[in-house]
Amino acid sequence: MPLVQVTVREGRQPADIIAMIKAVTAAVAESLAAPVESVRVIVTEVPATHWANGGVTLQEKYSGSAGEAAP
């Protein structure tokens, strides 16, 4: 039973998360010749205040940028 854990920044639309889950499930099922029903996907959403690159959180990085959204 394959288990895939995906960590993403918080704030994406639920429909986008569902689409990603379906795509990951299909890719794992195909590449491992596993039944789709056996593929487990866990998505963890992390707030921008808890995600950092180089010691700078995403919130800090993008809070001063007018009109720019976090990736």
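Let's start with one pair of residues. T7 stands opposite T44 in β2. A quick note before going on: this is a predicted model.

Now the strands around that pair. β1 and β2 pair in the parallel sense, over 7 bridges. How does the chain cross from β1 to β2? It goes through α1, and this β-α-β crossover is right-handed. Here is another bridge to look for. V6 has V43 as its bridge partner in β2.

On to the helix. α1 has 19 residues. From its first C-alpha to its last, α1 reaches 27 Å. That is close to the 27 Å expected at 1.5 Å a residue.

Which residues of α1 are buried? They are I17, T25, V28 and A29. They sit on the same side of α1, because they cover an arc of only 100° around the axis. And what covers these buried residues? The cover includes β1, residues 3-9, and β2. Turn to the face of α1 that points away from its buried side. There you find the exposed residues A15, K22, E30 and S31.

What follows α1? It is A33, with a positive phi, near 50°.

Keep walking along the chain. Between α1, residues 14-32, and β2, residues 40-46, there is a loop, and S38 is in it. Is S38 buried or exposed? S38 counts as buried, because its relative accessibility is 17% and the cut-off for buried is under 20%.

So what is around S38? Start with its side chain. A polar atom there lies 2.7 Å from the backbone oxygen of P35. Next, leave out residues up to four places away in sequence. S38 then touches M1 and P2.

Let me recap, quickly. Two strands, β1 and β2, pair in the parallel sense. The chain crosses between them through α1, in a right-handed crossover. The face turned away carries exposed residues, K22 and E30 among them. Then comes the loop with S38, a residue that counts as buried and touches M1 and P2.

Key:
Residues are numbered from 1 along each chain as its sequence is written. This is a predicted model: local features need pLDDT of at least 70, side-chain atom pairs count only at pLDDT 80 or more; totals for chains, interfaces and linings use all residues. Side-chain values use heavy atoms; hydrogens and water are left out. Helices (H or I, at least four residues) and strands (E, at least two) are DSSP runs, numbered from the N terminus. Buried means under 20% relative accessible area, exposed over 50%, partly exposed in between (1.4 Å probe, protein chains only). A polar contact is a pair of N or O atoms within 3.5 Å; within protein, one must be able to donate a hydrogen and the other to accept it, and residues adjacent in sequence count only if both atoms are side-chain atoms. Contact means heavy atoms within 4.5 Å. The expected span of a helix is 1.5 Å times one less than its number of residues. The arc is that of the directions from the helix axis to the C-beta atoms. Two strands pair if DSSP finds at least two bridges between them. A crossover is right-handed if, with the strands pointing away from the viewer, the path from the first strand over the helix to the second runs clockwise.
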